[in-house]
Amino acid sequence: MSVLLPTDYVTLVQMNTARTEHACRQMRPLATDYGDDRLERLIDACIEAAREVAGLASRRRGQTKARSDDDDEFDKIADAEMRRLIKSLNDSNEWMQRTRHPQRARLRTLVMTHCPVGPGDIISQRYEEQLHRTRALIEDLRGPCADLIEELECERKLRAVEATVAPYEAALTARRRVTGGDVRAAAKVMHTRTCEMVAYIVGAYVDRPDRRRALLLPVADQQARIREILKARRAGQSVGDDPSRDDDDLLDAEGVEEAEGAEGAEESAGAEEAAADAGGEVAGEG
């Protein structure tokens, strides 16, 4: 015969990553004290899901819309090394032309091909074009003009430029952008893990109310805080007016609409009902 809980099914409002992890970390020692290995695994899964959301949200905040907005440290280093190399080539070219050096025609051709005006011929280009021209210069110096390097005394400078190619290329490698949908999907997984954890506690400790209340207290506390803030929002109040209220980072931006909608409906359906007892226990017991 099944045992009915003394509370109704009530929605468990979605918490943000900070609240979720904070509540889980308070519950984890109790699960260990009670020797509940399954609950420990559920809590750990919930913490891991919260970290996944936080990581995706952080990556999304750090994304830029254009190459020029990226951290250009790789470009600054490459520019500096290229300036040194081209200055050395230009100085050698002037000297060879002035002294009518036997190799002056070859060096002049190299300079006129890659940097007739100076470093700006390469470093003023767009990132991809600069990388292409840098490779071309290196190929000519290491190929047809390799026998001139020692006389030009540019080996060290050339190696320094070569060392910038890999990081430059890595910085321009296409990366998958994190979308708001990615963050919301991860947040839904986090919420599902929270519901599973709370529902398990309600079912596993139905005959041990003291332990049930102790385990659910951290979640109950966060739920109460969130509901007070949502209530103030609906009333048109400023949640920052009350310094005693924990308003900071109420919900991740991606989760606000879902939480407010859930709060207004009070009941959820489908998969959410797996956590209905959890929400009822949280809201119904102090």
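View 1. H191 belongs to helix α9, residues 180–204; helices are DSSP runs of H or I, at least four residues, numbered from the N terminus. H191 is buried because its relative accessibility is 7%, buried being under 20% and exposed over 50% relative accessible area (1.4 Å probe, protein chains only). The model is predicted: local features need pLDDT of at least 70, side-chain atom pairs count only at pLDDT 80 or more, and totals for chains, interfaces and linings use all residues. Residues are numbered from 1 along each chain as its sequence is written, and side-chain values use heavy atoms, without hydrogens and water.

**View 2. Positive phi at R100.** R100, not a glycine, has phi near 55 degrees. R100 sits in the loop between α3 (73–99) and α4 (104–114) and is exposed, at 59% relative accessible area.

**View 3. Positive phi at E153.** Phi of E153, also not a glycine, is positive at about 55 degrees. The loop between α7 (149–152) and α8 (155–172) holds E153, which is exposed at 66% relative accessibility.

**View 4. Surroundings of L141.** L141 has contacts (heavy atoms within 4.5 Å) with L85, L89, L110, A146, I149 and L158, leaving aside residues up to four places away in sequence.

Definitions and conventions: Helix = DSSP H or I, 4+ residues; strand = E, 2+ residues; numbered from the N terminus.
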